[in-house]
Amino acid sequence: MTPISAVGKFLDQPILTAKINKYVPLALAGMGSVVIGKTTKNTPKENRKKEGIKLGIIMGATVVSAIAAPKIASKITGRKTQKTLEVIKQENSKLVNNYISDNNSGINDILEKSKNSLLSPKEISKLFNTNKELADKLIPPPENVKAKDIFKEIGWLSIYGAVPVIGGILGGVAADKIYEPEWKEKVPDKVNEGIYQYLANIFLCNIGAGAALGILEKMNIKSKAARCIGMVGGILLTGVIGGSIIANYIGNKFINPVLFKGKEKEKRTPELLDLSLHTDDIATVSLLSGLKWIEPSLPLLYSVSGYRAGIGYRNDNKHSVKYNA
């Protein structure tokens, strides 16, 4: 096994994925606290208490919905949820104990460690060189998503991304309703920002990646490199380039006429942070390519979109001050 392959297998360890997943709620809470603290600090002193409470409600709703998102998405689509760290340790222990009872391969120390801890790339290389069959059971190889499963996987990702955005909007409306007499006037910005975040930064990127993957499947192209390049191309076309246009069009032509009496809102243009949010597309490409290790990071990425929807951000550097005051 090459050093690069060993590193790849290190990232694919189910124990690593489960550990990341276990500490995501703590990371979300920490990041949320930093954002609230920084924003509140920049607020006029007389408004800081109100500002902190309002942002706390928005962030709380976003974080809770982001944590709940994978279970909600899995329940709706029928996709299996990730195994817990405890379950993985139990399964590893059973595999190792059954093997050791019948074999003496000289890697028992590595196998004992694999029950509860992460193996280093060097240990993984030795394990695969000694017994690949057992190694594949402890660290299952990634599987390419087949054409028939593409829409199910995209559906799961899209629902997953929608939940934090909806949570952020509801949190924002609730926060305004407590403190703002004219809270209803702030709802359009939140809904339109939520639509923008979801379509431009999440849904359309998933569609682009899935469409590209479907085309590659039809062409019988199975190379992981080709699949990744093709999906990135699909994301660029539908999300990064076309997402902003499509999101603004839907907001002004469909959402505003129905919910807001046809009042046309100022167009939302892409910003640096919006472009950085496309890092979640790395997760999309990874998942559709069969790599699961990045999946636990999705709540961290999608919660940014949820929070921005909650504060109703609309291309205004002074917006937070207006909102916070």
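How many aromatic pairs does the count come to? The count comes to 3 aromatic pairs, where rings of Phe, Tyr and Trp (its six-membered ring) pair if their centres lie within 6.5 Å, with planes under 30 degrees apart called stacked, over 60 edge-to-face and the rest tilted. Take Trp156 and Tyr160: their ring centres are 5.0 Å apart and their planes stand at 85°, so this pair is edge-to-face.

Before going on, a word on what you're looking at. This is a predicted model, with local features needing pLDDT of at least 70 and side-chain atom pairs counting only at pLDDT 80 or more, while totals for chains, interfaces and linings use all residues. Residues are numbered from 1 along each chain as its sequence is written, and side-chain values use heavy atoms, with hydrogens and water left out.

Buried means under 20% relative accessible area, exposed means over 50%, and partly exposed is in between (1.4 Å probe, protein chains only). Ring pairs also bring in Tyr302, which joins Trp156 and Tyr160 in a cluster.

Trp156 has a charged neighbour as well: the charged end of Arg79 sits over its ring, 3.7 Å from the centre. For that label, NZ of Lys or CZ of Arg has to be within 6 Å of the ring centre and within 35 degrees of the ring normal. Arg308 does likewise with Tyr313, lying over the ring face at 4.3 Å from the centre.

Now for the salt bridges. The rule used here asks for a side-chain nitrogen of Lys or Arg within 4 Å of a carboxyl oxygen of Asp or Glu, and a search of the whole structure finds 7 salt bridges. One of them joins Lys83 to Glu91, with the closest N and O atoms 3.0 Å apart. Lys83 is partly exposed at 47% relative accessibility, and Glu91 is partly exposed at 34%.

Another salt bridge brings together Glu123 and Lys113, at 3.0 Å from N to O. Glu123 lies in helix α6 (residues 121-130) and Lys113 in helix α5 (residues 108-114), so the pair ties together parts that are 10 residues apart in sequence. Lys113 counts as partly exposed, at 33% relative accessibility.

Note on methods
Helices (H or I, at least four residues) and strands (E, at least two) are DSSP runs, numbered from the N terminus.
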